[in-house]
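Keep the structure in view as you read.

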Amino acid sequence: MNTAHHDPIAAIATAPGRGAVGIVRISGQGLAPFVRSLLGRDLQARHAHYLPFPDASGQAIDQGLALFFPAPHSYTGEDVLELQAHGGPVVLQLLLARCLEAAQGVLPRLRLAEPGEFTRRAFLNDKIDLAQAEAIADLIDASTAAAARSAGRSLSGAFSQEVHSLRDALVHLRMLVEATLDFPEEEIDFLRKADARGQLSNLQQSLTRVMQRASQGALLREGIKVVIAGQPNAGKSSLLNALAGAELAIVTPIAGTTRDKVQQTIQIEGVPLHVIDTAGLRDSCDEVERIGITRAWDEIAGADAVLFLHDLTRADAFDYIAADADIARTLAHKLPQGVPVLDVWNKADAASPAVGSGPFAAPDALRLSARTGEGLDALRRRLLTLAGWQPAAEGVYIARARHIAALRAVDEHLVQAAAQLSSDGPALDLLAEELRLAQNALNTITGEFGADDLLGVIFSSFCIGK
């Protein structure tokens, strides 16, 4: 990302395409002369002014609202000018070009903003912390109402407050340990009298609660990848259509109809699940079908959970049982350890109630009918369980994989610190170091300690004008 953090920047701040209203935003230090040059007048702070937006010859490009937010009371913490015009792409491009033109002489370093640069400046100017900045992008990208609410909580600072609370407790504990290191000749046992073990235990319990809520928030943001696998004509495409509530995949009685993956994101209680229908798994002489089967195995290898779909109407056929067993062995070989495989027996509407209860049926297998909808609710509940969702979770805030990784690092350092504190004659220098590393890991969440390359990666994923 451009290192010229103090250059004034400009961008179209609304989504591409036509709309009722479009916004051009400018941010920088000392914008008042530029505002006067562009609009021919001064603007009252934080008041909407309806006026023409003139071009270089004085002809109006459009008429709309102009708002001026002097620093530090703005989104970025700098002077900010927002021009709200009609939302046609050509109008907004003309308006943006006019801003760059009018800057010559009064704001010579004005340039186009890079992705996320407005929000990056809000972070650098202490308007928001890093977790809140990420929550802005997550709120924009939210795929479910629950994810949007959780992102809103993070944006309001709920997650950051939890992190700050952990950090304050950690700093207090570090202070006790450092005091013991600095004054070894003192006879007073600082750590015992201050109940350092109790403080560390409370800190670990608080961290566990934060990790649980953050994990739920990460699930709302990312969802899980669920792959439907099985032999041809087991009803995989029908199951995808039933879960999605739409005819997404072609369904015919002809084996091998599905040649490539079909993906749809569904939501269950606000949790996004990325469900993928794949080609039927079998030996095939058809080149196109073989490519589809290879792709199916590739998708399975990267799944968070696999629905192994079986056909109840063929449950007593020896060849079918043997082929299913072969697929099960390959699944066990290809899937990473810990990825769940849920056995689902389809076509319950066409099979005898006794069929599917033999030794080849797993004890936790589900019986359903993708055609009639029987058993789909039980499948949805099981999918939520596989995802790790806790329906009663309250106060969930959105979180990212890097947040979870940081919290796990904190937990590991606190475990090491507890081991030192519980040992006979603890090595206080090692204890202090573990606590310091735990605090550094916490600080990376809110950005109070972080490398510039981390900031570049985070803000480069934002849209232009945000």
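Predicted model: local features only at pLDDT ≥ 70, side-chain atom pairs only at ≥ 80, totals over all residues.

On the α8 side, the residues in contact are Ala196, Arg197, Leu200, Leu203, Gln204, Leu207, Val210, Met211, Ala214, Ser215 and Ala218. They meet Ile404, Leu407, Arg408, Val410, Asp411, Leu414, Val415, Ala417, Ala418, Leu421 and Ser422 in α13. Sorted by class, the contact of α8 with α13 has 16 nonpolar residues, 3 polar and 3 charged.

How are the two helices arranged? Two packed helices are described by the angle between their axes and by the distance between those axes. Helix α8 covers residues 196–222, and helix α13 covers residues 401–422. Their axes come within 10 Å and cross at roughly 160 degrees. Angles over 145 degrees count as roughly antiparallel, so α8 is roughly antiparallel to α13. The crossing of the two is left-handed.

Now turn to the sheet. Six strands form an open sheet with mixed pairing. Their order is β3-β4-β5-β2-β1-β6. Which strands lie at the edges? They are β3 (49–54) and β6 (111–112), and each pairs on one side only.

Look next at β1 and β2. Strand β1 spans residues 9–12, and strand β2 spans residues 19–28. The two pair in the antiparallel sense over 4 bridges.

Helix α3 (residues 117–124) touches β1, β2 and β6. The direction of α3 makes about 135 degrees with that of β1. Helix α2 (residues 89–102) lies across β1, β2, β3, β4 (60–69), β5 (79–87) and β6. Relative to β5, α2 runs at about 150 degrees.

Move on to a single residue, Ala133. Its place is in helix α4, residues 130–141. Is Ala133 buried or exposed? The cut-off for buried is under 20% relative accessible area. Ala133 has a relative accessible area of 0%, so Ala133 is buried. Gly116 is 17 residues from Ala133 in sequence. In space, the two are 9.4 Å apart, C-alpha to C-alpha.

Finally, step back to the whole protein. The secondary structure comes to 15 helices and 12 strands. Of the 466 residues, 45% are buried. Consider contacts between residues at least 6 apart in sequence: 68% of them join residues at least 24 apart.

Key:
Residues numbered from 1 in each chain as written. Heavy atoms only, no water. Axes fitted to C-alpha atoms, helices over the stretch in contact; angles between N-to-C directions. Parallel < 35°, antiparallel > 145°, perpendicular 65-115°, else oblique. Left-handed = near helix turned anticlockwise from the far one by under 90°. Contact = heavy atoms within 4.5 Å. Nonpolar A, V, L, I, M, F, W, Y, C, P; charged D, E, K, R; others polar. Pairing = 2+ DSSP bridges. Buried < 20%, exposed > 50% of the residue type's maximum accessible area, 1.4 Å probe, protein only.
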